[in-house]
Amino acid sequence: MKRVLSILMFVAIAVSATAAKPQFEIKHVEPLSWWVGMNTELQLMVNGEGISAYDVEILPEGQGVSVAELHKADSPNYLFVDVAISDDAVAGEYTLRFSDGKRRYDYPYVIAEREANSRLRESFTTADFVYLIMPDRFANGDTSNDSTDDTVEKVMRSNPGRRHGGDLQGMIDHLDYIADLGATAIWSTPLLLDNENGASYHGYSCSDYYRIDPRYGSNELFCTYVDECHKRGLKVIMDIVPNHSSTTHWWYDDQPFKDWTHQWEKYTQSNWTFSTNMDFNASKSDLYQMESGWFDRTMADMNLDNPYLLNYFKQWAVWWIEYSGLDGFRVDTYPYNEKIPMSQWCKAVMDEYPNFNIVGEVWTSSIPQLAYWQGGNANKDGFNSHLKSIMDFPLHDAIRSAMTESGNAGWGQGMTRVYDVLSHDFVYNDLSNMMIMAANHDTDRIGDVCEGDARRMKIVHTLLATLRGMPQMLYGDELLFRSTDRSKGHPTLRVDFPGGWADDRINLFDKAQHTGAAKEVYDYTRKIMNWRKSKDVIHNGKTLHFIDRDNTYAYFRYNDSEVVFVYINNTENECVVPWSRYAEITEGLDNGRNVITGESVTMSGLKVAPMSALVVEFNRSLL
């Protein structure tokens with residue numbers, strides 16, 4: 001019902017504006033619609049020439065929806081309207097009536113019924129395996145929207161830094177492939193309009209916070225995508241960027257307030273030093289430049305200290321969740337936002353949806369700095385981010401380094417790096433809410449780090465499948481994708497998925513076309529990730545690990561009923577599992593099941609091949 005009403009709203013707006021031909025034009029009303037029964041208060045941002053001179057009322061009266069207060073902005077072309085919605089308000093289409101005593105203009109606005117149980121929706125957890133997609137590079141399901149009249153950059157697939165034509169329909173067309181791999185959630189890089197004149201394909205420079213980029217599809221198609229994901233048991237995580245917007249955003253040249261974005265006498269970039277947030281010795285000027293400096297000349301830095309902007313982003317987040325049925329958020333460049341307002345933003349989303357999960361990109365190799373940003377952490381300055389989940393970049397770095405140090409690694413190298421990172425788990429507030437990965441859309445392909453070695457890639461995917469936290473994998477890593485030209489950076493690691501375009505010579509969405517090392521890695525990944533789905537011992541079990549300096553690594557995931565043993569041999573030599581060394585946990589455990597082959601194995605004297613992983617499960621209830 002909510003989507004039908006929203007569609008009617010768009011139609012009604014178009015008809016009203018065309019038929020009335022008013023003295024002035026209401027260009028934007030955001031949020032685009034709302035719902036009865038929400039905890040989040042509604043404050044409309046209305047944009048139109050001279051709108052601040054107008055009074056507002058909501059019709060019909062007597063149905064529980066009314067204007068509570070009006071707020072003028074610095075620009076006369078904005079008006080902020082606080083809307084009171086009573087507990088017994090009637091859902092339906094309302095009229096926003098603008099008048100200045102001489103002229104009157106009616107604008108339709110929908111306040112719909114909420115979906116049943118919307119507030120208590122579930123989100124992504126340790127039970128999920130998250131598949132990361134860059135939409136423009138995944139699959140082109142609709143060639144008619146490759147280039148559009150209302151967007152600047154046109155498709156140019158021959159150029160790795162330009163638009164290639166991937167879209168929402170292409171993602172929908174291949175959801176079965178993703179689900180079959182064992183994924184249970186999808187995080188796609190931003191799908192909102194990015195109207196830069198070059199390199200807009202990544203989507204991180206938003207030009208309209210309420211509009212899906214037409215080269216990907218439409219708001220309605222995004223809702224269809226969410227529905228189709230849910231039919232296949234896939235949760236949807238939306239990538240959002242409150243830190244900065246594009247200078248092509250419709251508000252940029254006429255901002256509501258002078259401090260809507262951070263202003264400098266001359267262009268000033270962030271110093272990228274987000275340690276200033278928790279560094280007792282940091283200067284105020286360094287902190288200000290970190291959070292107020294721009295990411296790029298085309299990325300206006302948003303000022304969340306402005307209460308109207310903060311409120312705008314709170315409502316925007318809630319609107320997308322309620323409108324489309326989202327299951328989670330990933331927040332880009334999280335520490336570069338003003339930390340107190342951003343903590344309020346997180347809390348507002350959680351107050352509306354208590355089970356909702358938000359993961360923040362906190363790109364640091366410093367474990368204490370990373371832990372600072374997770375909600376509930378015992379920070380000395382008393383700061384609570386209210387951010388549930390964080391991305392585990394220290395573990396990411398350790399895994400990648402270990403894969404370049406196979407063989408006879410030196411002291412502190414190889415698999416010891418992974419051990420060392422996990423030995424710091426006492427620092428974190430909530431180990432279950434950590435997203436672990438070996439690569440994403442901003443890092444070198446893990447296939448490049450492993451130099452195309454299927455053995456090393458299988459070790460990586462074993463770690464992702466069995467360590468604590470929520471595993472995330474970049475599209476194509478299950479097939480050993482590599483960059484087309486590593487020296488040219490991001491555009492060439494964000495490769496097209498073969499088979500996503502009609503004229504592709506090979507279709508890797510078709511398992512029958514997998515060959516060689518790619519097939520070996522895919523089959524292994526599919527096996528272990530589908531096994532992981534039902535393993536509570538992996539989702540919620542404890543970890544016990546053992547240090548060895550020979551570039552092997554042994555750890556157990558365990559609970560009262562199950563034990564999973566993982567042994568990583570990162571050397572070029574065959575190793576014998578030193579089973580007696582693990583006696584503190586292995587009493588009664590000797591015969592188990594090899595997770596990959598399904599075969600029964602006896603642990604005493606068991607040998608593990610060079611550059612390989614062994615995963616064995618035991619059922620304690622049978623002892």
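This is a predicted model: local features need pLDDT of at least 70, side-chain atom pairs count only at pLDDT 80 or more; totals for chains, interfaces and linings use all residues.
Exposed here means over 50% relative accessible area, buried means under 20%, and partly exposed is anything in between (1.4 Å probe, protein chains only). Residues are numbered from 1 along each chain as its sequence is written, and side-chain values use heavy atoms, with hydrogens and water left out.

**Salt bridges**
- There are 41 salt bridges in the structure, each one a side-chain nitrogen of Lys or Arg within 4 Å of a carboxyl oxygen of Asp or Glu.
- Helices (H or I, at least four residues) and strands (E, at least two) are DSSP runs, numbered from the N terminus.
- Asp-213 and Arg-215 pair up at 2.9 Å, N to O, with Asp-213 buried at 0% and Arg-215 buried at 2%.
- Within helix α7, Asp-351 and Lys-347 sit 4 residues apart, about one turn, and their side chains meet at 3.0 Å, N to O.
- Asp-351 is partly exposed at 39%, and Lys-347 is partly exposed at 38%.

- A cis peptide bond joins Glu-30 and Pro-31, with omega about 0°; Pro-31 lies in the loop between β1 (26-30) and β2 (34-35).
- Another cis peptide bond joins Leu-59 and Pro-60, with omega about -5°, and Pro-60 is in the loop between β4 (55-59) and β5 (65-72).
- Thr-333 has a positive phi, near 45°, and is buried at 5%.
- Asn-551 also has a positive phi, near 70°; this residue is buried at 2% and lies in the loop between β21 (542-546) and β22 (552-558).

**Helix α5**
- In α5 (residues 284-292), the buried residues are Met-290, Glu-291 and Ser-292.
- Those residues pack against β15 (299-301) and α7 (339-352), where contact means heavy atoms within 4.5 Å.
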